[in-house]
Amino acid sequence: MNLIFTFILFFLGLINVALSEELDPPRPWAKAVKEHLPPGEPGRDYTPAVIPNGTKADYKIVDGVKVFHLIAEPIEWEVAPGLIVHAWGYNGTVPGPLIEVAEGDRVRIFVTNKLPAPTTVHWHGVLIICGMDGVSGLTQPAIPPGETYLYDFIFPDSGTFMYHPHHDTMTQEGMGLNGMIIVHKREPDIKKRPDRDFSIMLNEWNVDVGTSKPNPLNMSNFNILTMNGKVMPATEPLVAKLGDTVWIRYGNLSAMDHHPIHLHGYNFKIIGTDGGWAADKSVLVPETTVLVPVGTVKVTEFIANNPGDWIFHCHMTHHIMNQMGHQFPNMLGIEVGDLDEKIRRLVPGYMTMGTTGMHDMTESGMPIPPNSIPMLGFDGQFGKTVLGGMANILRVRENIETYEDPGPYHFPKGTVAAPATEEQLMKNGIKID
Ligand SMILES: [Cu+2]
């Protein structure tokens, strides 16, 4: 049996070599097929990536091929303590586990469908032969519930890609089925690799307050905006040592929104996309915000030369709120006086919201429906902040031994914005009425 199998592989190999040598123009995967590299090894060939709050797909090596198994199934997913959604995930998580390989790696990816609906998996951005593209109806039959299909291909190029269903995509991505793929360059010189290589998938959901099922039919009222399936304050901080070369790879498989992600304290360069790498980094324009449109990947690079706790977040202001309702009248600046008391006679528990903005609502102690996180915000060393949703913290530190979360930044004395003293006001000619 093994002999027959080896023969078949050899025969397929011959065809592949023939294809790669003779076809003009050369196919995008031809070089990888011809080179036939052994499976890439973490450590030796690349520095493994870090996926905050996330997991990586396990694999085993069978006959020189990396074998993965993705199981698509309904799961319960905690977006933040207080909110569990009934989502669809791969291998129990949202997003699915990171598929991490090296350029030239041949893979066999088994996909088991435990969903109530047919599905497929599409390998977004990976240049493979058409029959492995995962588009139901067009390139393959959809995988029926209960069945397992096999995807067999080589990752020809290093880069950052994504995977997601290409069958009823609106429903299935809206329920949480998506994941990142990192194909590392084989780089023996550790100094030429990034020291910290982070992977973050951006998603958006509509989960009405007090419910647990995402509504994929919704088109505009997204109220849960996630990084790797979590909202601030449940996002796990990114830790770097002073001087590290840092990459953050962002993928966006939201339904409708592009996310401009802004990083404080740094500028960076966008060195890659799901289409490939910048040929010459020196000509790239420095940026502080990277727009990650739906269906794309952006890879950013910077040197961690500025110690501190630096927030990075979507700059769409409604995307850094948790389960924000949008159906309220605008009460900003309105003196309500004893209005609440009067209304409470008719509507017990009534409270006017947002007269000074949204901050008061994060501490109102108002009863909220079970399984909901309306207005949940981040709790910092200086107090509560109206900051949730699609946000996280980059912690850059001197003198740390490990990349474990070092906790809040110890600000050097006298470097934090503080109340102005009388003397400072006077000396600078500032008069307060
Ligand atoms: Cu956004």
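I started at strand 8, which pairs with strand 9 (residues 179-184) in the antiparallel sense over five bridges. I count two strands as paired if DSSP finds at least two bridges between them. Helices (H or I, at least four residues) and strands (E, at least two) are DSSP runs, numbered from the N terminus. This is a predicted model: local features need pLDDT of at least 70, side-chain atom pairs count only at pLDDT 80 or more, and totals for chains, interfaces and linings use all residues. Residues are numbered from 1 along each chain as its sequence is written.

**Around strand 8**

Tyr163 stands opposite Gly179 in strand 9. Trp123 stands opposite Tyr163 too. Strand 6 (residues 122-124) pairs with strand 8 over three bridges, in the antiparallel sense.

Is strand 8 enclosed or open, and why? Six of the six residues of strand 8 (residues 159-164) are buried, so it is largely enclosed by the rest of the structure. Buried means 20 or more other C-beta atoms within 10 Å of a residue's own; exposed means 12 or fewer, and partly exposed lies in between, with C-beta atoms placed from the backbone. I checked both faces. Gly159, Phe161 and Tyr163 are buried on one side, and Thr160, Met162 and His164 on the other.

**The core**

I then took the largest nonpolar core, which has 89 residues. Such a core is a set of buried Ala, Val, Leu, Ile, Met, Phe, Trp, Tyr and Cys residues joined through C-beta atoms within 7 Å. Ile181 and Leu394 touch the most other members. Strand 2 (residues 65-80) gives the most to this core, with six residues. Domain 1 (1-35) and domain 2 (37-314) both contribute residues, so the core lies between them. The domain bounds come from an automatic or database domain assignment.

Which residues does Ile181 touch? Leaving out residues up to four places away in sequence, I found Ile99, Trp123, Val126, Phe161, Met162 and Tyr163. Contact means C-beta atoms, placed from the backbone, within 7 Å.

Strand 12 and strand 22 (residues 391-397) run parallel and are joined by four bridges. They belong to an open sheet of five strands, order 12-22-19-14-17, with mixed pairing. Strand 12 (238-241) and strand 17 (289-292) are the edges, each pairing on one side only.

**Whole chain**

I noted six helices and 22 strands. Of the 433 residues, 37% count as buried.

Methods
Two residues are in contact if their C-beta atoms, placed from the backbone, lie within 7 Å.
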